[in-house]
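Subject: The structure, with notes

Hello,

Here is the structure I promised to send over.

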Amino acid sequence: MIDMYILAIESSCDETAASVIKGNPATGRLLVLSNVISSQIEIHKKYGGVVPEIAAREHVLNVLPVINEALAKAKIKAKQLDYLAVTKGPGLITSLITGLETVRALSFAWEKPIIEVNHLNGHMYSNFIKPASPIKFPALSLIVSGGHTMLIILNKDHKIKIIGDTRDDAAGEAYDKAAKMMGLDYPGGPAIAKYAAEYKKSKKISTITLPRPMLNSADFDFSFSGLKTALLYQLQKDKNWRKRISEYCYAYQEAIIDILSYKTIKAAKQYSIKTIMMAGGVSANLELRQKLAKNIKKELPNTNFLVPDHEYTTDNAAMISAAAFYKIKKSKAISFRNLKVNSSLQLK
Ligand code: KG4
Ligand code: ZN
């Protein structure tokens, strides 16, 4: 079977992204030809978080230049594309709409079919881009993003089963809200990680103790809002907290990592998992990557552990095109060269 080319657009939050991939459905080989991201972080930073109206306006301004750049970098002409892919949600509706409407217009103009992709599915498939070792099934995906903390089992037919979900604040949200409480920059993850690394380097022993909510619950769900509140109470009680920011960041990050690591390994044992994959913005965190890798090696030495390259951790469109590729590949009945134009395909 010949190669197929997919152009994907991602606009679910504050990144406008486009990517072209080349994939071979017969061999499963997938190559990212371009991955262009226009981030609005600098714009939203001064408000301490994403302002939906501003994000919406920026997406409208950026979407076509980003698509043109993705095509140019991939050295692919629109007529060579086989599919268009787009994030359908979850996300900010006012942001998603730009990607969806743009793809709809391009589908009409270029006569290409559309593959809609769930954003979280996209994060999961970021692990299928250049995996460091083969993905063996059943695989367990730990998704840690700004809005979600999930544990998902993926079987060899690429069917999914959600075994753990966010009860309240997600891991990324826990980072962002704690950073805001301590007057640190948005996004909170990299800011807290930086201070935590400074404290770790000092080799001091922290005296701050924070809870590990739901660590021993019978399910695999996550809850981080109690941890955030516990931090708030400790800051309120400590007149000198500003002088101890790096220690607070360290203790807070340790609590998040402990919970993520413990529950992931427990789930992997219970479901006889062969590969653990981590994805989403928080998976960029170096300490989390290292601790989880170390714990998996110790407790599950026969289980592979995969993390995406840094550029595929936070929101990007390469992961959306990768998810679209597997959606197409799974649907064996479809002759991908002869699809009807202007149909929004649901390849479930
Ligand atoms: O996946 P993502 O880009 O967007 C969503 O789908 O939500 O994740 C964004 C989240 C933010 O909460 C941000 O603080 C967090 O990822 N993040 C990090 C790091 N880099 C980004 N959290 C911890 N450590 C990091 N290095
Ligand atoms: Zn995301």
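Below is what turned up, starting with the metal site and ending with some backbone details. Please keep in mind that this is a predicted model.

**The zinc site**

The zinc ion (ligand 2) takes its protein donors from three residues: His119 and His123, each through NE2, and Asp315 through OD. These donors lie 2.0 to 2.1 Å from the zinc ion. Around the metal there are four donor atoms, and the angles they subtend run from 97 to 131°. The arrangement is tetrahedral because four donors count as such if all angles lie between 85 and 135 degrees.

Along the chain, the donor residues follow the spacing H-x3-H-x191-D. His119 belongs to helix 4 (residues 119–125), while Asp315 sits in the loop between strand 10 (304–306) and helix 10 (318–330), so this pair ties together parts that are 196 residues apart in sequence. His119 is buried, at 7% relative accessible area. Asp315 is buried too, with a value of 14%.

**Around ligand 1**

How many residues surround ligand 1? There are 19, and the closest are Gly146, Asp176, Gly189, Gly281 and Asn285.

- Gly189 has a backbone N or O atom 3.0 Å from an oxygen atom of ligand 1.
- Asp315 has a polar backbone atom 3.1 Å from an oxygen atom of ligand 1.
- Gly147 has a backbone N or O atom 3.5 Å from an oxygen atom of ligand 1.

On its own, ligand 1 has 550 Å² of accessible area, and the protein covers 87% of that.

**Aromatic rings**

The count of aromatic pairs comes to seven. One of them is Tyr125 with Tyr326, a stacked pair whose centres are 5.2 Å apart and whose planes are 20° from each other. Tyr125 lies in helix 4 and Tyr326 in helix 10, so the pair ties together parts that are 201 residues apart in sequence. Tyr125 and Tyr326 are both buried. Ring pairs also join Tyr125, Phe128, Phe325 and Tyr326 into a cluster.

**Backbone details**

Two cis peptide bonds are listed here. The bond from Phe137 to Pro138 is cis, with omega near 0°, and Pro138 is found in the loop between helix 4 and strand 6 (139–144). The bond from Tyr186 to Pro187 is also cis, with omega near -5°. Pro187 lies in the loop between helix 5 (171–181) and helix 6 (188–202).

Next come two residues with positive phi. Glu111 is not a glycine, yet its phi is about 55°. Glu111 is placed in the loop between helix 3 (93–110) and strand 5 (114–118). His158, likewise a residue other than glycine, has phi near 60° and lies in the loop between strand 7 (149–154) and strand 8 (160–164).

Are these two residues buried or exposed? Glu111 is exposed, with a relative accessible area of 54%, whereas His158 counts as buried at 13%.

Happy to go through any of this with you.

Best wishes

Methods: Residues numbered from 1 in each chain as written. Chains lettered and ligands numbered in written order. Predicted model: local features only at pLDDT ≥ 70, side-chain atom pairs only at ≥ 80, totals over all residues. Heavy atoms only, no water. Donors = N, O, S within 2.8 Å, 3.2 Å for Na, K, Ca; no water. Tetrahedral: all angles 85-135°; square planar, octahedral: opposite > 155°, others 65-115°. Helix = DSSP H or I, 4+ residues; strand = E, 2+ residues; numbered from the N terminus. Buried < 20%, exposed > 50% of the residue type's maximum accessible area, 1.4 Å probe, protein only. Near = heavy atom within 4 Å. Polar contact = N/O pair within 3.5 Å; in protein donor to acceptor, adjacent residues only side chain to side chain. Areas by Shrake-Rupley, 256 points an atom, 1.4 Å probe, with all protein chains shown as cover. Phe/Tyr/Trp six-rings, centres within 6.5 Å; stacked < 30°, edge-to-face > 60°.
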